[in-house]
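Dear colleague,

Please find the structure below, with its sequence.

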Amino acid sequence: MLKFLILLSAVACALGGTIPEGLLPQLDGRIVGGSATTISSFPWQISLQRSGSHSCGGSIYNANIIVTAAHCLQSVSASVLQVRAGSSYWSSGGSVHKVSYFRNHEGYNANTMVNDIAIIRLSSSLSFSSTVKSISLASSQPANGAAASVSGWGTQSSGSSSIPTQLQYVNVNIVSQSRCASSSYSYGSQIKSSMICAAASGKDSCQGDSGGPLVSGGVLVGVVSWGYGCAASNYPGVYADVATLRSWVINNA
């Protein structure tokens, strides 16, 4: 638990000294072992911001709806939220949109992290372009070992007190729900049916990337959710499983 608390302190620095209530220490991912990229390579990526500071990631579902993690939206009102889309930089460029309202999955549980998914409705519509595009939701789970990528503006090393200004990404491989819960790893029964995992040696998502996209085969397969440490052996990054939660997103969007 001490390690988690150290990581949480790093998030406080990155977010200007304040931790949004509801963000548990093992949550709120960052890109570890990744590379800088441009928004044209990940045009569905957005920066979810609280009071003007980057807080979480998200994915464009349509011109008015963003998909993110439920834990990103705990103890917050829509009036302090905004979304920046179409920019490689969370702090400038692209377009900024106020949030009309958001809805967390009714079955979200902050203790078990089941159903860690939410939708955000924007007050103004996005204008699609080469840097602003929607991404389709996965209708089936990718195979264990499938290539995937995760992107975001989270910190780049454990305990870091700053976040990069430019979008980062990392390539990982899918770890199926059943394998992630098996004795091959150390989570055991903490991995639930609404979760999917991804991992690669020295690479992970872990502070500031939460809510962001895990993409495989050109579709959104996961939403950055939680994990123990960052890029720690035997502890893959854990994501909300979009294929399992797809109908909820469609019905509520």
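**Cysteines and disulfides**

Cys 56 has 0% relative accessibility, so this residue counts as buried (buried is under 20% relative accessible area, exposed over 50% and partly exposed in between, with a 1.4 Å probe and protein chains only). This is a predicted model, in which local features need pLDDT of at least 70 and side-chain atom pairs count only at pLDDT 80 or more, while totals for chains, interfaces and linings use all residues. Residues are numbered from 1 along each chain as its sequence is written, and side-chain values use heavy atoms, with hydrogens and water left out.

The model contains two disulfides (a disulfide here is a pair of cysteine sulfur atoms within 2.5 Å).

One of them joins Cys 56 to Cys 72, with 2.2 Å between the sulfur atoms. The link is left-handed, at -95° about the S-S bond. Cys 56 sits in strand β3 (residues 53–60) and Cys 72 in the loop between β4 (65–68) and β5 (81–85), so the pair ties together parts 16 residues apart in sequence. Helices (H or I, at least four residues) and strands (E, at least two) are DSSP runs, numbered from the N terminus. Cys 72 is also buried, its relative accessible area being 0%.

The sulfur atoms of Cys 180 and Cys 197 are 2.1 Å apart and form a disulfide. This link is left-handed, with -85° about the S-S bond. Because Cys 180 belongs to helix α2 (residues 177–180) and Cys 197 to strand β10 (residues 195–199), the pair ties together parts that are 17 residues apart in sequence. Both Cys 180 and Cys 197 are buried.

Regards
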